[in-house]
Amino acid sequence: MAPAPTTITDAEQNAQETAKAAARPTSILHRTPWRPPVATSAEGMYIYLEDGRKVLDAVGGAAVACIGNGHPEVKKALKEQVDKVSYVYNMQLSNEPAEELADFLVKTGNGAFELCGFVSGGSEAMEGVIKLARQYFYETKQPQRTNFIARQLSFHGNTLSTLSLACHPGRRVPYEAVLNRENFHHVSPAYAKRFQKPDETEEQYVERLRQELEDKFLELGPDTVIGFVAETVVGATTGVVSAPKGYFKAMKSVCDKYGALFILDEVMSGMGRMGTLHAWESFGDGVAPDIQAVAKGLGGGYASIGAVLMSKKVAEGIRGTGGIWKHGHTYQAHPLSCAAALAVQKVIISESLLENVRVQGPYLESLLRERLQSPNAPAAPFVFDVRGGGAWWGIEFDFTSPEAARVDFRGQAFAMLVQARCLEKNLIVMGMTGGSNLEGTVGDHLMLSPAYNVTKEQVEQIVDIFVESIEEILKEYAA
Ligand SMILES: Cc1ncc(COP(=O)(O)O)c(C=O)c1O
């Protein structure tokens with residue numbers, strides 16, 4: 001007798017297709033142990049894959065695609081620009097979209113910024129920040145300032161100096177031996193949920209962190225410090241962690257006291273992600289930095305672009321002597337990148353997308369809390385935190401409590417299992433591990449960062465698939 005036909009779910013079918021795609025040969029040295037599925041077209045938040053599937057991108061790639069794919073205004077701007085000027089080198093010629101975009105960015109600071117320089121992405125922006133800050137003290141005749149202070153559990157990019165500047169244990173591993181320990185130093189993260197002591201108030205925690213920074217200045221020699229560097233909201237390490245109230249004000253006060261620069265990395269958190277154009281406006285005590293990096297949401301993925309914004313003080317220090325940015329790359333201020341970024345920023349304004357972020361963000365939060373943290377939610381015993389703001393939310397799981405004996409992931413990271421299951425169900429989310437302790441060895445976080453034009457229905461769809469995936473994994477791996 002023929003065996004009874006087995007029914008196969010869509011997710012299982014998708015898993016089989018993904019496995020087939022992953023096994024196909026590739027000449028790319030990929031960043032994943034498998035060949036990722038190939039995207040063939042995209043529209044808005046939906047991406048079509050080579051196997052015909054349509055997936056919903058709930059994380060904008062890596063918090064990049066802030067208005068989704070294929071926006072007609074950006075396509076039009078790019079086409080017009082390619083017809084006008086596709087490339088000029090910025091040591092010979094400037095170009096219209098670069099001038100207009102710089103003007104736009106400087107004005108967004110309401111007086112916080114005076115000048116801006118362009119680069120091709122986040123790591124380049126942070127490299128540019130490091131060099132600009134050093135150049136500032138070189139030009140202002142304080143050459144003894146050679147030290148940067150950043151934070152543990154941070155990420156500022158994947159080049160050697162940005163890896164040295166930040167402290168992301170996992171990403172440093174193969175490069176430890178060639179990282180710079182002489183000029184880059186670290187203080188504690190501002191991560192209250194993990195590191196605020198039980199008997200400490202928020203003010204006391206902030207004061208402890210302020211004192212630690214001041215002690216580090218004193219240890220290094222206060223007049224040797226170039227600046228303190230922090231992500232306004234920490235992204236790819238701890239998973240959407242904002243600082244306690246008053247933290248940035250306190251850290252800036254130490255920088256001001258010793259004449260060092262206060263530097264913010266808003267590569268991920270900036271350009272609207274938190275519901276304000278600059279994250280420091282809503283999540284940084286309103287304290288404007290001396291230098292700031294932006295990238296991802298600037299070009300929204302339509303082109304590779306980042307920018308370094310600087311205050312009047314820094315601009316004047318540079319202008320006083322050299323007057324030029326002693327830092328360059330061939331594709332700085334690329335006309336197509338600038339035209340794309342300018343069009344993206346105009347769309348954000350004309351379609352009132354920050355207003356949408358401020359509506360859909362809290363809705364996403366409320367659904368996540370209800371479905372993951374309410375007393376009868378199956379995942380609740382393992383959810384350590386739901387946090388974030390605007391269109392950027394992190395969900396941290398904890399498997400160290402006695403409840404954890406109920407599950408056994410057999411050596412696999414829960415966050416990555418959920419990420420894979422979501423993809424099988426046609427949803428892209430981002431899983432991260434290692435953000436819960438200073439050694440980078442513990443932690444399961446998932447990140448959602450949909451486009452700013454996400455709809456209410458899409459928010460509901462994201463949460464449905466996300467929670468379903470979490471619950472399935474918890475059930476399948478029950479001990
Ligand atoms: C805060 C922060 N800085 C810098 C970077 C590096 O940006 P990129 O990947 O564009 O080089 C990232 C990337 O995730 C980031 O989150």
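User: Why are α3 and α14 called roughly antiparallel to each other?

Analyst: This is a predicted model, in which local features need pLDDT of at least 70 and side-chain atom pairs count only at pLDDT 80 or more, while totals for chains, interfaces and linings use all residues. Residues are numbered from 1 along each chain as its sequence is written. Helix α3 (residues 72-84) and α14 pack at an angle of about 150°, with their axes 9 Å apart. Angles over 145 degrees count as roughly antiparallel, under 35 as roughly parallel, 65 to 115 as roughly perpendicular and the rest as oblique, and α3 and α14 are therefore roughly antiparallel.

User: Which residues of α3 and α14 make the contact?

Analyst: Two residues are in contact if their C-beta atoms, placed from the backbone, lie within 7 Å. The residues of α3 in this contact with α14 are E73, V74, A77, L78, Q81 and V82, and those of α14 include P335, L336, A339 and A340. By class, the contact of α3 with α14 has twelve nonpolar, one polar and two charged residues, where Ala, Val, Leu, Ile, Met, Phe, Trp, Tyr, Cys and Pro count as nonpolar, Asp, Glu, Lys and Arg as charged, and the others, Gly among them, as polar.

User: What makes α14 largely enclosed by the rest of the structure?

Analyst: A residue is buried if 20 or more other C-beta atoms lie within 10 Å of its own, exposed if 12 or fewer, and partly exposed in between, with C-beta atoms placed from the backbone. In α14, 13 of the 16 residues are buried, so this helix is largely enclosed by the rest of the structure. For α5 (residues 122-139), 16 of the 18 residues are buried, so α5 is also largely enclosed.

User: How do you know that the span of α14 is close to the one expected?

Analyst: The expected span of a helix is 1.5 Å times one less than its number of residues. Helix α14 (residues 335-350) has 16 residues and reaches 22 Å from its first C-alpha to its last, which is close to the expected 22 Å. Helix α5, with 18 residues, reaches 25 Å, close to the 26 Å expected.

User: Why are α9 and α10 called roughly parallel to each other?

Analyst: The axes of α9 (residues 202-220) and α10 (residues 247-257) come within 9 Å and cross at roughly 20°, and on the cut-offs for angles these two helices are therefore roughly parallel. Their contact is made by V206, L209, R210, L213, E214 and F217 of α9 together with Y247, A250, M251 and V254 of α10.

Key: Axes are lines fitted to C-alpha atoms, for helices over the stretch in contact, and angles run from 0 to 180 degrees between N-to-C directions. Helices (H or I, at least four residues) and strands (E, at least two) are DSSP runs, numbered from the N terminus.
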